[in-house]
Number of protein chains: 2
Amino acid sequence: MAKELTKREENYSQWYNELVVKADLAENSAVRGCMVIKPYGYAIWEKMQAALDKMFKDTGHVNAYFPLFIPKSFFSKEAAHVEGFAKECAVVTHYRLKNAEDGKGIVVDEDAKLEEELIIRPTSETIIWNTYKNWIQSYRDLPILCNQWANVVRWEMRTRLFLRTAEFLWQEGHTAHATKEEAIEETEKMLGVYAKFAEEFLAVPVIKGLKTENERFAGALETYCIEALMQDGKALQAGTSHFLGQNFAKAFDVKFLSNQGKQEYVWATSWGVSTRLMGALVMAHSDDNGLVIPPKLAPFHVVIVPIYKTDEQLTQISEKALEIKKLLEDKGLSVKFDDRTTHKPGWKFAEYELKGFPVRIAMGPRDLENGTVEIARRDTLTKEFVNAEGIDEYIVKLLDEIQENIYNKALKFRTENTFKADNWEEFVDVIENKGGFVSAHWDGTAETEEEIKNKTKATIRCIPLDSVEENGKCILTGKPSKKRVLFAKAY
Amino acid sequence: MAKELTKREENYSQWYNELVVKADLAENSAVRGCMVIKPYGYAIWEKMQAALDKMFKDTGHVNAYFPLFIPKSFFSKEAAHVEGFAKECAVVTHYRLKNAEDGKGIVVDEDAKLEEELIIRPTSETIIWNTYKNWIQSYRDLPILCNQWANVVRWEMRTRLFLRTAEFLWQEGHTAHATKEEAIEETEKMLGVYAKFAEEFLAVPVIKGLKTENERFAGALETYCIEALMQDGKALQAGTSHFLGQNFAKAFDVKFLSNQGKQEYVWATSWGVSTRLMGALVMAHSDDNGLVIPPKLAPFHVVIVPIYKTDEQLTQISEKALEIKKLLEDKGLSVKFDDRTTHKPGWKFAEYELKGFPVRIAMGPRDLENGTVEIARRDTLTKEFVNAEGIDEYIVKLLDEIQENIYNKALKFRTENTFKADNWEEFVDVIENKGGFVSAHWDGTAETEEEIKNKTKATIRCIPLDSVEENGKCILTGKPSKKRVLFAKAY
């Protein structure tokens with residue numbers, strides 16, 4: 001097959017890059033760092049969006065849309081935020097082009113210079129809090145629970161499809177609350193939504209935790225995250241939820257009249273996940289044959305491939321295949337019947353393995369006689385013959401089983417690749433020789449965190465929410481520590 | 001009520017601006033020409049998106065995503081296109097900011113100047129055809145039937161919420177075909193989809209037609225459009241579908257190997273509708289009390305308002321109201337029960353009229369006794385008492401009736417405001433004194449079209465597809481004409 005992939009063992013990074021392109025998920029565009037999300041990749045993203053959007057709405061959120069552009073001065077209003085976000089960004093300086101005087105092409109019209117430059121949003125806290133100022137007068141206007149599906153731009157120097165691109169798609173929730181407690185509750189609730197989505201839809205187990213101060217969102221008092229482990233032993237941050245305190249309310253002067261009749265600053269949260277999840281999906285489950293997509297996010301659940309020699313056989317098989325297709329569609333499944341005569345069954349099998357269709361049904365003349373079909377599972381690559389009778393219920397159950405199996409496999413992998421290290425030697429051994437998560441004591445200082453990173457490239461992924469108190473010693477400095485934190489090399 | 005609107009008769013334009021803001025659809029943002037689409041407005045847009053997206057998919061299209069940025073040089077490749085689109089646009093020239101040397105705020109880092117400026121997409125033909133070049137080798141790769149939901153930017157000098165904004169949301173379909181016939185068929189098919197959407201969902205009757213050369217999309221061989229009539233007698237272009245010929249294939253060198261074994265240029269179409277439809281929705285149906293939303297696009301179909309004096313009454317009414325709410329929700333309807341004790345029923349009635357909820361149910365103690373509810377229709381502002389028994393089926397039917405009635409009302413208005421003019425005096429009389437569509441003969445020249453526009457502000461909205469051949473004389477020049485075209489002042 002022309003589309004043969006590099007094996008994960010040989011070069012994991014190359015395997016990923018090739019797979020994303022060959023499975024038609026995405027490709028690089030003519031614009032540096034920007035990707036084209038191809039129809040098959042976008043169909044998966046749409047499934048993610050639909051599931052998340054429903055979860056947001058079920059928890060009381062509504063969607064809205066705020067401008068792509070942010071006036072430059074807005075970034076200067078929140079001190080920490082400007083450091084984190086306003087630096088590497090796309091800057092609009094002019095609003096007109098004109099024909100070049102030499103008649104060759106078009107040039108920027110210097111007469112059309114903006115008085116104030118506009119930044120393409122890297123994240124929308126500033127423009128949204130500038131808007132909320134007008135929406136909020138009293139406690140009766142609170143809470144505001146808005147989400148936005150949008151594109152954002154961060155001028156990354158080293159980009160990689162889905163994992164790090166200059167432009168990416170995401171959702172960003174921005175909520176406003178009357179009390180600190182309510183804002184923290186919201187922050188934690190949305191972290192829970194992300195964890196549930198990751199585990200139930202992406203089939204990726206995640207660790208919920210808090211970021212250290214170093215790794216916090218610029219402008220947040222506390223950043224919660226979910227961290228996942230990829231097959232190469234590197235961690236991937238799959239979603240973040242920020243408790244912003246009153247920082248943005250103060251920066252944009254957003255006060256409300258409390259039910260006690262006092263003017264108070266509003267409390268804020270923000271939370272987001274992005275097309276980065278597409279990268280997590282690929283890297284957590286896929287294998288050397290191609291994508292493995294959890295059924296709940298698969299654009300197609302089933303492909304039916306006819307095996308035939310004569311036109312007459314194809315006609316007979318097609319009739320039965322379309323019957324089965326209809327049965328499955330009545331169960332809400334998405335089914336493709338590939339009766340192309342231009343490609344051989346073997347080619348098709350490889351193609352749908354590459355694309356990660358969860359279930360493949362093959363049907364030949366013998367199957368028609370016996371009243372059976374051959375079913376192949378993408379997750380285990382196993383095959384079996386099954387009665388055509390009752391195939392719809394069989395496949396519905398099978399898809400649930402596949403979803404669960406993919407999750408369990410990822411969970412087993414994570415369990416097997418999570419280690420405790422109690423001293424520097426153990427720590428370095430895991431990071432350098434094994435990979436995976438390392439649970440270890442740390443003295444709580446930014447300096448130590450930085451030094452560990454410089455020595456090993458491992459960072460503190462999070463302080464797990466379920467971390468138990470215990471007495472220990474920092475793996476680097478030996479200073480006392482009360483809690484283990486989770487280290488890993490990360491994407 | 002604090003939210004009283006200007007009346008349409010007094011000042012239609014002001015009525016529109018006020019209504020969009022007061023009904024919480026959208027508002028101006030801090031960025032010149034860019035709007036914030038508020039949750040209630042966005043909920044209507046989401047309904048439009050869902051209906052259109054389904055229609056696109058049912059006709060074989062898939063979604064994808066292409067970059068926000070387009071290299072400046074891409075625009076120079078298609079001669080007509082650059083004239084139409086590359087002039088008034090947002091230009092990204094730099095990719096970094098830095099702290100100002102005086103310590104005050106941030107400034108553009110002149111060291112981070114892009115080698116080639118990037119344009120924020122005003123429309124995506126160029127970047128998409130540059131991409132399609134790599135997707136298309138042979139006739140087997142065709143057709144490509146992609147759609148994109150995205151934001152675009154056109155630097156308009158005079159903006160108006162929804163109708164004309166610097167940034168707006170839209171969908172743009174971009175298809176590639178092996179033959180001219182197939183591309184034209186696609187162009188017409190998508191015009192049909194738009195017309196169906198406008199009539200069945202927006203409840204706005206539209207005229208399908210062709211644009212004159214003057215009004216054609218920059219780069220198209222033929223632009224098809226749907227034109228709607230607003231309540232002030234002005235027309236609004238509600239969607240366009242372009243037959244692009246081989247222009248973009250030639251500009252980006254996109255050829256395919258035909259099934260005859262020849263290298264040929266690919267044929268193209270593009271088609272789009274935008275958040276402008278929100279403006280059409282408001283202007284076609286709403287009245288001096290507020291929005292009138294066709295049920296198929298209403299975020300909520302029904303509001304239930306309790307009428308009570310004592311807490312005990314409220315408790316009893318609430319019980320019954322929640323029962324009815326559940327019944328209606330089981331029929332797939334969206335229902336709000338407004339039991340706020342902070343607002344009087346009269347205030348609530350006005351609020352939901354302003355917001356355009358299609359049906360209001362009021363329930364008081366007397367209704368509980370009698371087993372009735374009071375139902376008010378937003379479209380006719382009529383009320384009636386109805387048996388609570390069987391209310392769910394009653395309302396499902398009523399919503400269909402309302403949808404139909406809103407459409408019929410708009411159709412009647414259009415019929416009454418479409419005139420024939422056979423000479424200049426008649427023409428000017430209609431344009432200046434009556435408004436509406438004028439069906440008239442035109443000599444087919446761009447000069448005459450331009451002169452009519454300069455004299456009257458009326459433009460040719462389209463050459464209707466169902467226009468019949470007849471001999472006539474151009475209203476301005478008296479030269480012979482074979483067909484009537486449709487004139488109007490337009491948004």
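Domain bounds come from an automatic or database domain assignment, and with these I looked up chain A, which is divided into domain 1 (12-68 + 124-285), domain 2 (300-398) and domain 3 (417-488). The centres of domain 2 and domain 3 of chain A, taken over C-alpha atoms, are separated by 49 Å.

I noted that this is a predicted model, in which local features need pLDDT of at least 70, side-chain atom pairs count only at pLDDT 80 or more, and totals for chains, interfaces and linings use all residues. Residues are numbered from 1 along each chain as its sequence is written, while chains are lettered from A and ligands numbered from 1 in the order in which they are written.

**How the chains meet**

I counted contacts between the chains (two residues are in contact if their C-beta atoms, placed from the backbone, lie within 7 Å), and found 51 residues from chain B and 51 residues from chain A taking part. On the side of chain B that touches chain A, strand S5 (residues 88-99) of chain B gives the most, with 10 residues; helices (H or I, at least four residues) and strands (E, at least two) are DSSP runs, numbered from the N terminus.

I then looked at strand pairing (two strands pair if DSSP finds at least two bridges between them), and saw that strand S5 (residues 88-99) of chain A pairs with S5(B) in the antiparallel sense over 5 bridges. Within S5(B), Val91(B) stands opposite His94(A).

**Symmetry**

I superposed the copies by least squares on the C-alpha atoms of residues with pLDDT of at least 70 in both, and a rotation of 180 degrees with 0.0 Å of shift along its axis brings chain B onto chain A (RMSD 0.0 Å). That is the relation of a two-fold axis. Among the residues of chain B, Val92(B) comes closest to the rotation axis, at 2.1 Å (C-alpha). Because 100% of the interface residues of chain B are also interface residues in chain A, the copies meet through the same surface.

**A sheet in chain B**

I traced an open sheet of 5 strands in chain B, with the order S17-S16-S18-S19-S20 and mixed pairing. Strand S17 (335-337) and strand S20 (383-387) of chain B stand at the edges with a single partner strand each, so one side of each is left without a neighbour in the sheet. Strand S16 (residues 302-306) of chain B runs parallel to S17(B), joined by 3 bridges, and Val303(B) stands opposite Lys336(B) in S17(B).
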